[in-house]
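Here is a short briefing on one protein model and its ligand. Please keep the sequence and the 3D view open as you read.

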Amino acid sequence: MSELKKFLVKLKGYLKKRTPDQRILNRLHTQEIKGMIFKVGRSKSSPFFLAYHPDSYFAFRAHPEFDELYPRFTAHNEVNNGGDSTRLWAFILNCKQVLAEGIQGDFAELGVWRGNTASILAKFATSANRKVLLYDTFEGFKENDLTGIDAQKEMDFNNTSIDLVGKVIGENNANCIYVKGFFPDTITDDHRTRQYAVVSLDCDLYAPTKAGLAFFYERMPKGGIFFLHDYSSLHWNGSKLAIDEFCKESGEHIILMPDKSGSAFFRKTL
Ligand SMILES: C[S@@+](CC[C@H](N)C(=O)[O-])C[C@H]1O[C@@H](n2cnc3c(N)ncnc32)[C@H](O)[C@@H]1O
């Protein structure tokens, strides 16, 4: 039996027998077969996911941040994020690129939930001595947003707290500013005076996505980046509509990513 076949049989055995276990996933994501390193994980939609890590990581041992961030990215969210290392790599590579190009500004996320993607932003913001503004109700969706295109969506994401997010983010928490409450009502004069180099919008619904694009785009220098989750996932048509309207009005163009939940992103060019 080939090495690869042996590995797949072993992996299947693990996943059949066991409930998701962080220790196993941590070990598997760096499984090495004949000099090849694969990333492995679970997701809701497929029993496991197997793909190469980037050559830069395997062949040249670049981006060691992956090893610290994979456990944070999957903490309390293993089923959804365990097999979505494409998304984690997109954040790592692009945050580093924006910083390497010297794009000025703080980082921000609207839609934090348990802090999985916030932990990535916090890591790179801290490395460059920037702040990360983390906007969320930390109590899930609010009724006010569940209207129009989102009227049939269910209340969700109330199972979190700032305390939990702080633990997921860990030592980089010192550079985080938590903004608790209903966005955009929580925007302060201090937030208005800042520039934003990296913004993650992951709030699922039309109204906050629309408001987030308007607020942060105006305060982003050219070359800054937006990560827009769920654009092509087909789960969140309100968020997609807000992004489509924004692109039409601003003239910016998104690029779609082949990650689990259809992220898109764009770097400000205009
Ligand atoms: C999909 S979750 C975010 C997931 C997160 N980025 C991660 O890494 O797992 C969506 C979040 O958006 C938040 N949210 C949605 N609408 C909001 C609003 N108007 N103001 C503040 N937070 C909002 C919800 O509370 C929820 O925590």
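In which strand is Leu134 found? Leu134 sits in strand S5. The model is predicted.

**Leu134 and its surroundings**

- Leu134 is buried, because 27 other C-beta atoms lie within 10 Å, and 20 or more count as buried.
- Leaving aside residues up to four places away in sequence, Leu134 touches Glu109, Val112, Ala118, Cys176, Ile177, Tyr178 and Val179.
- Leu134 and Lys180 are 46 residues apart in sequence, yet their C-alpha atoms are 8.0 Å apart in space.

**The sheet**

- Seven strands form an open sheet with mixed pairing, in the order S6-S5-S4-S7-S8-S10-S9.
- Strand S6 (176-180) and strand S9 (255-256) stand at the edges. Each has a single partner strand, so one side of each has no neighbour in the sheet.
- S9 and strand S10 (residues 264-267) run antiparallel and are joined by two bridges. Here Leu256 stands opposite Ala264 in S10.
- Helix H7 packs on the sheet and touches strand S4 (106-110), S5, S6 and strand S7 (196-201). The direction of H7 makes about 175° with that of S4.
- Strand S8 (residues 225-228) is also antiparallel to S10, with four bridges between them. Phe226 stands opposite Phe266 in S10.

**The ligand shell**

- The ligand is surrounded by 22 residues. The closest are Gly111, Asn116, Thr117, Phe157 and Phe183.
- Helix H7 (116-127) and strand S5 (132-136) are the elements that give two or more residues to this shell.
- By class, the shell holds 10 nonpolar, six polar and six charged residues.

**Helix packing**

- How do two packed helices get described? The angle between their axes and the distance between the axes are used.
- The axes of helix H10 (residues 206-218) and helix H11 (residues 237-250) come within 7 Å and cross at roughly 35°.
- The crossing of H10 and H11 is right-handed.
- H10 brings Tyr206, Thr209, Lys210, Leu213 and Tyr217 to the contact. H11 meets them with Gly238, Ser239, Leu241, Ala242, Ile243, Phe246 and Ser250.
- Seven nonpolar, four polar and one charged residues make up the contact of H10 with H11.
- In helix H4 (residues 65-74), the buried residues include Leu69, Tyr70, Arg72, Phe73 and Thr74.

**Backbone details**

- Phe183 and Pro184 are joined by a cis peptide bond, with omega about 15°. Pro184 lies in the loop between S6 and helix H9 (189-193). Phe183 is also among the residues closest to the ligand.
- His76 is not a glycine, but its phi is positive, about 55°. This residue follows H4 and lies in the loop between H4 and helix H5 (78-81).
- Is His76 buried or partly exposed? His76 counts as partly exposed, because 15 C-beta neighbours lie inside 10 Å.
- Trp113 also has a positive phi, near 45°, and is a residue other than glycine. Trp113 is placed in the loop between S4 and H7.
- Trp113 counts as buried, because 24 C-beta neighbours lie inside 10 Å.

Definitions and conventions: Residues are numbered from 1 along each chain as its sequence is written. This is a predicted model: local features need pLDDT of at least 70, side-chain atom pairs count only at pLDDT 80 or more; totals for chains, interfaces and linings use all residues. A residue is near a molecule or strand if its C-beta atom, placed from the backbone, lies within 6 Å of it. Ala, Val, Leu, Ile, Met, Phe, Trp, Tyr, Cys and Pro count as nonpolar, Asp, Glu, Lys and Arg as charged, and the others, Gly among them, as polar. A residue is buried if 20 or more other C-beta atoms lie within 10 Å of its own, exposed if 12 or fewer, and partly exposed in between; C-beta atoms are placed from the backbone. Axes are lines fitted to C-alpha atoms, for helices over the stretch in contact, and angles run from 0 to 180 degrees between N-to-C directions. A crossing is left-handed if the near helix is turned anticlockwise from the far one by less than a right angle, and right-handed if clockwise. Two residues are in contact if their C-beta atoms, placed from the backbone, lie within 7 Å. Two strands pair if DSSP finds at least two bridges between them.
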